[in-house]
Amino acid sequence: MSDHHHKETFVTKYIFSQDHKMISKQFLVTGIFMGIIGGFMSMLFRLQIAWPEKSFSIIEAFLGDHQTDGIMNPDMYLALVTIHGTIMVFFVLTAGLSGTFSNLLIPLQIGARDMASGFLNMVSYWLFFLSSVVMVISLFVEAGPASAGWTIYPPLSALPQAIPGSGTGMTLWLVSMAIFIASSLIGSLNYIVTILNLRTKGMKMTRLPLTMWAFFITAIIGVISFPVLLSAALLLILDRSFGTSFFLSDIFISGEVLHYQGGSPVLFEHLFWFLGHPEVYIILLPALGITSEIISTNARKPIFGYRAMIGSIMAIAFLSTIVWGHHMFISGMNPFLGSVFTFTTVLIAIPSAVKAFNFITTLWKGNLQLNPAMLFSIGLVSTFVTGGLTGLVLGDSALDINVHDTYFVVAHFHLVMGVSALLGMFAGVYHWFPKMYGRMMNKTLGYWHFWLTIITAYGVFFPMHFVGLAGLPRRYYTNTNFPMFDDLVEINVFMTVMAIIGGAAQLIFLANFFISIYRGNKAEQNPWKSNTLEWTTPVEHIHGNWPGAIPEVHRWAYDYSKTDENGEYVHGKDFVLQTTPLLDGEEPS
Amino acid sequence: MLALFYIFIAVAIGVSFWQITRIMNFRSVIANDKDNETQGKLAIGFLIFLYAMMIYCLIAMNIIMLPESASIEGEHDDNLFNITFWLIGIVQFAMQFLIFFFTYKYRGKKDQKALFYADSHKLELIWTVIPAVTIVILIGYGLWAWNNIMYVGDDENPIEIEVYSRQFDWQARYAGADNALGLGNVNFIKGINSMGVDMSDPKSQDDKKVTELVLPKGKKVLFKFRSQDVLHSAYMPHFRAQMNCVPGMVTQFAFTPKYTTAEMRQNAEVIAKTDGINKIRKAKGEDPYEFDFLLLCNKICGASHYNMQMKITVVEPAEYEKWLSEQKTLAQVIK
């Protein structure tokens, strides 16, 4: 393949490229763009939560007809939280994270010239791009974008009479998501096939870096669960536009009885969460994989418990497909099912705990190189623990009754998957930026970015648990109608201020990212002194990744600081590339 | 136009940043020992910040949290919550310490060698088994409490009350003398029959429609939930009770009120919380607030989701009987 030197035009190189490295950059930049939109929305609705009666010119500027004198309308508030959730979950943390790093790293770390199908890979990106465009267009629909929450439970999402956003806005949402799912499925199949078939000589499955394992298993759960969301979306389209009754029954609205008979919203909830819960791990596992790699490299130590890490990824993936009912304890489903789902849910705590302990043990007695990527990874471990622990409250059906759909849940999932996955994504960008752009990012700005982000993330989401324990439901436009919540004003203001500082801190990242693409210091071939194969490719991107033959692999990815009995490095330095053959008498690790 | 103005400002900031970076050193890219030293110390600083914030929240925010459970079933909930919260609190403090202390302790130094330590089955066994055992105990109690709350025995003979949700209010219906609710369906909604009760059902005749919930202390109440239009969720936080209201089906939840509203107002936690609230209200020049049990909507249901409430009053059984006998039956109201 590398022998073919096709003539490249601007279009084939930068736009309809089939090169995985270019596609990964396209995913990243699109993801960042969507992230700016989704993040900005959260700033707007945080303003509303903190100062519900105050007029803001920024709200007047951006919300058009959906505000009155600088105060957003209740419909628009719901639209903003809906689209914020959708964009962050799917467009930023699924496509932006998985799409970027699976594409960049899978061929490079397993030793392949490209993905199994470069064409499908290109299609996957352009479908993602198309779905992003449709989603953005839906923001400008007259009645407003989808506003039924990112979980789009019918009947609210099915009936424009119930909320204006369930008209054209919802149609576009469904179209966008259907395209998105197609993109995700094509991408995932490609990742699976590539990892299974295109590993270089010597790259046994048990020598794959943990990033590869994480992306591989993520792709598998994506393929298992995304089609179910697609069918839910299709059935909802049928209910909305063709008069079927899959999810609707016995509805009286706007003074008339609708014709729907025999459907059940609970069915939709099952279908939605059959994807919805694995989706959490589709987001989180790649971030954990990235973290494993970065922590090990920067601690100059092998990742602790490599096989246990693989085992726990598999256990998490398997369990993730049988826990969806914990989102539905009080949906009206049989309480016995609630018991079953409680049991499977809290079992996930075990592999998760193993992962957390293994990360911490990897830090222990290391020689930590505290690069920005390393700090973001450590931050991920911290927020993953904080957010994960409250899962023990929510996963326990008896306790869930009282905190379900309160801010306690919002705090929990933002820490455990939102913030954690974002930190993992940032870690990945800082670490592999030299591989993407051949230049380095500035570390001082990276440090500022990290500390401001982690402090404000905790500042927003830690106090939020207590707002939930005060009983405040989520998705309330304002709580001024309930005197019992009047004492939450101060905390809400604090959280909003933190959120705005945190949002502003992301500008540091944006500046660092875009300026470094053009002005960054030229990268060395292996700047972090890492073991994995991607650092054996030349800095300048070439088709087929390696100029000569694909290198052969002789060892696992984690021979950092390998010493002999005398305490001397076996290979004279604290890292050993996977391509280095075993020395005479050297034990494979 | 204002939006353009904001975007223009953002672009201007971006351009000036671009200019500033000209003089910045974009060559500093990889952490050296000095960075490791600084960042390691910052990690300790952050650990202190995190601890301070956690402790502050745990102490200062105690007052804003919901008071003790006002239902008997909710006691186990509170108990289980306390156990769980202590447990995760301890683990949280310990784990965060390890993460950030190690970051500082093992910060990179020029001649420091990392320990090649790839595996330990013993350690891994320990941190698989300990969480597993803890969790089994926790969910053992949890599932017992869950079953206790969710299953209502026939012998308990609860008072049946229907709660009917719609955009954007609640209605309620008491079962009356026969303690059996008549059938309901959206097709029967007409005029004064706003809950869609089937008046041809003999059980409907003595049902009573009300605008506020009144519950007797110490008697088990079984709520039957229906919804007229979209999903709602009947959330009664003080009783640790919540259930979704689903169009097309009837869901249920039961609890036994433990305190009357008057008794709850004398509760030390409630008094402290109410005083706090009233201080804030006074500063804003609003009327003082008096504690009441509430039913709130807790499932996104449309524009006025944030304003769907119904007052719940718990009284002594005798007072409850008196109140109920004063309410008109549906047969009297709907001819």
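I'm calling two residues in contact if their C-beta atoms, placed from the backbone, lie within 7 Å. One caution before I start: this is a predicted model.

**Entry: the domains of chain A**

The assignment gives domain 1 (18–227) and domain 2 (524–589). I then checked the spacing, and their C-alpha centres lie 36 Å apart. How many residues of domain 1 of chain A are in contact with domain 2 of chain A? I got 14 residues of domain 1 in contact with 16 residues of domain 2. On the domain 1 side, helix H4 (residues 74–110) of chain A gives the largest share, with four residues. I sorted that side by class too, and it has five nonpolar, four polar and five charged residues.

**Entry: the domains of chain B**

Contact here involves twelve residues of domain 1 of chain B and 18 residues of domain 2 of chain B. The domain 1 side divides into six nonpolar, three polar and three charged residues.

**Entry: where chain A meets chain B**

I turned to the two chains together. I found 121 residues of chain A in contact with 108 residues of chain B. Which helix of chain A gives the largest share of the side that touches chain B? That is helix H16 (residues 443–469) of chain A, with eleven residues. By class, the chain A side holds 72 nonpolar, 34 polar and 15 charged residues.

I picked out helix H10 (residues 335–347) of chain A and helix H4 (residues 121–150) of chain B. Their axes come within 10 Å and cross at roughly 165 degrees. Angles over 145 degrees count as roughly antiparallel, so H10(A) and H4(B) are roughly antiparallel to each other. I noted the hand as well: H10(A) passes H4(B) in a right-handed crossing. From H10(A), the contact uses Pro335(A), Gly338(A), Ser339(A), Thr342(A), Phe343(A) and Val346(A). From H4(B), I listed Ile135(B), Ile139(B), Gly142(B), Leu143(B), Trp146(B) and Met150(B).

**Entry: what the record says about chain B**

I checked UniProt, where an unreviewed entry lists residues 6–21, 42–65, 85–104 and 125–146 of chain B under "transmembrane region". I then compared two of those spans with the model. Residues 42–65 of chain B are 79% helix and 0% strand, and the end C-alpha atoms are 33 Å apart. Residues 125–146 of chain B are 100% helix and 0% strand, with 31 Å between the end C-alpha atoms.

I finished with the backbone. Most residues other than glycine have a negative phi, and most peptide bonds are trans. Against that, I noted that the bond from Pro154(A) to Pro155(A) is cis, with omega near 0 degrees. Pro155(A) sits in the loop between helix H5 (118–138) and helix H6 (168–197) of chain A. A cis bond also joins Gln167(B) and Phe168(B), with omega about -10 degrees. I placed Phe168(B) in the loop between strand E1 (159–166) and strand E2 (169–174) of chain B. Last, Asp250(A) has a positive phi, near 50 degrees. Asp250(A) lies in the loop between helix H7 (210–242) and strand E3 (252–253) of chain A.

Technical notes:
Residues are numbered from 1 along each chain as its sequence is written. Chains are lettered from A and ligands numbered from 1 in the order in which they are written. This is a predicted model: local features need pLDDT of at least 70, side-chain atom pairs count only at pLDDT 80 or more; totals for chains, interfaces and linings use all residues. Helices (H or I, at least four residues) and strands (E, at least two) are DSSP runs, numbered from the N terminus. Ala, Val, Leu, Ile, Met, Phe, Trp, Tyr, Cys and Pro count as nonpolar, Asp, Glu, Lys and Arg as charged, and the others, Gly among them, as polar. Domain bounds come from an automatic or database domain assignment. Axes are lines fitted to C-alpha atoms, for helices over the stretch in contact, and angles run from 0 to 180 degrees between N-to-C directions. Angles under 35 degrees count as roughly parallel, over 145 as roughly antiparallel, 65 to 115 as roughly perpendicular and the rest as oblique. A crossing is left-handed if the near helix is turned anticlockwise from the far one by less than a right angle, and right-handed if clockwise. UniProt positions are given in the numbering used here, feature names are shortened, and annotations may be inferred rather than shown by experiment.
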